Amino acid sequence: MLPEEFSNTLIKWQKESGRNNLPWQVTDPYKRWVSEIMLQQTQVATVIEYYERFMRRFPTVQSLAQASEDELMQYWSGLGYYSRARNMLRSAKIIVQDNQGVFPQKRLDWEKLPGVGRSTAAAVVAFSFGEKETILDGNVKRVLMRIYGIEAPSDDKEVTKHLWELAESLLPDHDLPRYIQGLMDLGATVCARKPKCDVCPFANCCEAKRQEKQNEIPLPKKRLSRSQKEWTFLLLWNDDGCLLQKRSEQGVWRGLYSLPSVDGDLSEEEVMETLKGWNVKIRNVQRLESFPHDFSHFRLILHPFAIHVSDDVTATKANTRWVRLKELPDIGMPAPIRSLLERFFA
Ligand code: SF4
């Protein structure tokens, strides 16, 4: 298929059937940047609410640059992949302090900012400044590989290099923002993991469809062997609140508030032993149901214990803080810990 045919088909389809009412569909680079970062790993329907709340609190890059990490985490809590938020804060400070609040206009300059990869940078400059740059995220890779019948895993290095070249060669000279939005929309809503070929504008020229291989392309990625870890989480609570501990700047969930945790699957006796010297009067200890949480490289099995303590609690371990129940929604914490607390205090 000629590049012109590809881009014209996509632009026409986006106009008629794409998503044209998203709150970040403006040229403001700040809004574009925030939305692109939120949309990494997270679906549009989930992002909208977070984006609107975020924009009410941090309407400009200056307001973001002045935020504390704790407050920023309150607005990111539940979206996961928290390094995205920390990198945004660092980038906002660079833009405000080193660039007088002026946003870069070129892709390569955006890529110098923490947490901004080629595809994100390309989307921001294409939407905000009309730069002729292409995106290539997982969805776009899948679309191109199916239409052009490229039978390979999408994370293969050589294939990725080829796909960037292919995507660049397809860029149109007109309607660039609509074309880029079309790539995003087609991959998310039509040529999704389960393709809807009957409503696809490329159904007549798609190689994967012609060969009836739409469900096989891309080929499966080479498997990462995912290891497993087990941690015991201590939920010290009374009717007033519970004890949270700020995680260190190393390892997972860094900088977020979580429950105090210990490596391994502890017995009740070992939990009691751990709590010696915590300066709390324990009323009872209850083992709660264990559950898994998947990180990209390992699976964590959470073993929670609910430890009912007296009302005059004065626990002061390092980095701990007694948090009242009504304050919990405002604390930035990892999603599995939040859902554990919500279930427990419901
Ligand atoms: S015809 Fe099917 S497989 Fe091909 S691009 Fe469209 S949705 Fe994807």
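Q: Which residue of β7 does N284 stand opposite?
A: In this predicted model, strand β5, which covers residues 282–287, pairs with β7 in the antiparallel sense over 5 bridges. N284 has its counterpart in β7, and the residue standing opposite is H308.

Q: Which residue of β7 is the bridge partner of H293?
A: Strand β6, made of residues 291–294, is another partner of β7, and the two pair in the antiparallel sense over 4 bridges. A hairpin joins β6 to β7 through 3 residues. Within β7, the bridge partner of H293 is L300.

Q: Do strand β1 and strand β7 run parallel or antiparallel, given the 11 bridges that join them?
A: Strand β1 spans residues 227–237 and strand β7 spans residues 298–309, with 11 bridges joining them. One place to look is T232, which stands opposite H303 in β7. Whereas β5 pairs with β7 in the antiparallel sense, the direction in which β1 and β7 run is parallel.

Q: Why are α2 and α3 described as oblique to each other?
A: The axes of helix α2, residues 29–39, and helix α3, residues 44–57, come within 10 Å and cross at roughly 140 degrees. An angle over 145 degrees would count as roughly antiparallel, and the crossing of α2 and α3 is roughly 140 degrees. The two helices are therefore oblique.

Q: Which element gives the most to the shell around the ligand?
A: The ligand is surrounded by 15 residues, of which the closest are C191, P195, C197, C200 and C206. The elements that give two or more residues to this shell are α9, at 138–147, and α12, at 207–210. With 3 residues, the element that gives the most is α9.

Conventions:
Residues are numbered from 1 along each chain as its sequence is written. This is a predicted model: local features need pLDDT of at least 70, side-chain atom pairs count only at pLDDT 80 or more; totals for chains, interfaces and linings use all residues. Axes are lines fitted to C-alpha atoms, for helices over the stretch in contact, and angles run from 0 to 180 degrees between N-to-C directions. Angles under 35 degrees count as roughly parallel, over 145 as roughly antiparallel, 65 to 115 as roughly perpendicular and the rest as oblique. Two strands pair if DSSP finds at least two bridges between them. A residue is near a molecule or strand if its C-beta atom, placed from the backbone, lies within 6 Å of it.
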